[in-house]
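This report looks at one strand and its surroundings. Please keep the sequence and the 3D view open while reading.

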Amino acid sequence: MMRVTFVHADGKERTEAEAEPGSILLDVAQAHMMPLEGTCEGQMACSTCHVIVAKEDFDRLPPASEMEEDMLDLAAGVRRTSRLSCQIILTADLDGLTVHIPAESRNMQGPR
């Protein structure tokens with residue numbers, strides 16, 4: 001098992017989660033009641049699973065694809081260390097990963 005820390009949108013509360021290597025970060029977040037919608041179910045057609053990776057952890061992630069970067073351009077509150085949680089597959093190298101939940105999100109798919 002590996003550990004992931006979710007820093008809530010208020011910047012104060014934290015949720016510590018355990019995950020199996022190979023898990024998708026979005027699934028782990030949703031299982032721990034984090035407010036990440038994931039409207040497109042991991043198809044990179046929205047940005048509702050946008051997270052901000054802690055600066056000290058960002059370089060441990062593989063680079064974002066061009067398609068992911070394009071979707072992040074549409075995310076609310078994007079930062080240099082922003083990623084789509086549906087695209088982060090947890091590996092042993094990412095044990096101890098910390099991500100921040102943004103205060104707002106933008107659903108580019110519109111109402112369902």
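In this predicted model, Val 53 stands opposite Val 99 in strand E5. Strand E5 covers residues 97-100, and E3 pairs with E5 in the antiparallel sense over two bridges. E3 also runs antiparallel to strand E4, residues 82-84, and three bridges join them. In that pairing, Ile 52 stands opposite Ser 82.

In a regular strand, side chains alternate between the two faces of the sheet. Which residues of E3 lie on each side, and are they buried or exposed? His 50 and Ile 52 are on one side, Val 51 and Val 53 are on the other, and all four residues of E3 (residues 50-53) are buried. Both faces of the strand are therefore covered.

His 50 lies in strand E3. Its relative accessible area is 3%, and because buried means under 20%, His 50 counts as buried. The side chain of His 50 takes part in the polar pairs below.

| Partner of the His 50 side chain | Part of the partner | Distance |
|---|---|---|
| Ser 82 | side chain | 2.8 Å |

Which residues surround His 50, leaving aside its neighbours within four places in sequence? His 50 is in contact with Leu 36, Leu 72, Ala 75, Ala 76, Gly 77, Val 78, Ser 82, Arg 83, Leu 84 and Pro 102.

Terms used
Residues are numbered from 1 along each chain as its sequence is written. This is a predicted model: local features need pLDDT of at least 70, side-chain atom pairs count only at pLDDT 80 or more; totals for chains, interfaces and linings use all residues. Side-chain values use heavy atoms; hydrogens and water are left out. Buried means under 20% relative accessible area, exposed over 50%, partly exposed in between (1.4 Å probe, protein chains only). Two strands pair if DSSP finds at least two bridges between them. A polar contact is a pair of N or O atoms within 3.5 Å; within protein, one must be able to donate a hydrogen and the other to accept it, and residues adjacent in sequence count only if both atoms are side-chain atoms. Contact means heavy atoms within 4.5 Å.
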